[in-house]
Amino acid sequence: MSYLVATDGSTESDEAVRYAARQAVAFYETLEIAHVLTPDSELVDGTIILPGEEAAVEAGQGVLEGARTVAEEAVGDEPIDVETQLLTGRPADAITEYAAEGAVDAIYVGHRGLSEERERVVGSVAKSVVDKADVPVTVIR
């Protein structure tokens with residue numbers, strides 16, 4: 001069993017990583033940190049081509065390593081089991097499908113404000129994760 005936290009490297013997702021790390025340690029769970037690559041793709045002669053694929057993977061791995069550091073710092077001297085996973089596709093779909101396929105007990109995501117004209121509401125990815133997930137989802141502000 002594990003807790004899954006999605007990160008995009010933003011301040012909001014770092015807060016979600018911190019919170020999820022503390023929860024994982026408190027309940028002796030593994031923390032899985034996932035980042036979703038959403039590269040622009042092109043169809044060339046019937047083959048999907050991902051421009052900058054290698055650079056995107058490197059950047060994604062950097063986001064995951066940064067999140068691992070955030071998680072480890074959040075729990076101080078407490079031991080934490082952290083796994084990282086680089087996913088691809090639409091973020092909400094990739095996150096919820098990964099959670100459904102694994103032994104994930106809960107999902108944590110960061111909150112995002114939309115615009116000044118609107119009230120602060122849950123961001124589109126966070127809202128979609130809440131709508132699609134089969135396990136509890138905690139949105140961190």
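A salt bridge is taken here as a side-chain nitrogen of Lys or Arg within 4 Å of a carboxyl oxygen of Asp or Glu. The model is predicted, so local features need pLDDT of at least 70 and side-chain atom pairs count only at pLDDT 80 or more, while totals for chains, interfaces and linings use all residues. Residues are numbered from 1 along each chain as its sequence is written, and side-chain values use heavy atoms, with hydrogens and water left out.

**Salt bridges**

The structure holds four salt bridges.

| Pair | N to O distance |
|---|---|
| Lys132 and Asp93 | 2.4 Å |
| Asp131 and Lys127 | 2.9 Å |
| Glu65 and Arg68 | 3.7 Å |

Lys132 and Asp93 meet in a salt bridge. This pair links distant parts of the chain, with Lys132 in helix H4 and Asp93 in helix H3, 39 residues apart. Helices (H or I, at least four residues) and strands (E, at least two) are DSSP runs, numbered from the N terminus. Lys132 has a relative accessible area of 42% and is partly exposed; Asp93, at 22%, is also partly exposed. On this scale, buried means under 20% relative accessible area, exposed over 50%, and partly exposed in between (1.4 Å probe, protein chains only).

Asp131 and Lys127 are both in helix H4, four residues apart, or about one turn of the helix. Asp131 counts as exposed at 53% relative accessibility, whereas Lys127 is partly exposed at 45%. Glu65 and Arg68 are both in helix H2 (residues 53–74), three residues apart, again about one turn. Glu65 is partly exposed at 42%, and Arg68 is partly exposed at 22%.

**The largest pocket**

The largest pocket holds about 350 Å³ of space. Its lining consists of 19 residues, of which Thr7, Asp8, Ser13, Gly110 and Val125 are the closest to its centre. Helix H1 (11–26), strand S2 (30–37), helix H3 (91–101), strand S6 (104–110) and helix H4 (124–132) are the elements that give two or more residues to this lining. By class, the lining has eight nonpolar, eight polar and three charged residues. Ala, Val, Leu, Ile, Met, Phe, Trp, Tyr, Cys and Pro count as nonpolar, Asp, Glu, Lys and Arg as charged, and the others, Gly among them, as polar.

A pocket is an open set of points on a 1 Å grid over the protein atoms alone, where a 1.4 Å probe fits, with protein on both sides within 12 Å along at least five of seven lines; lining residues have an atom within 4 Å of a point. The volume is the space filled by probe spheres set on the points, which are joined across faces, edges and corners.
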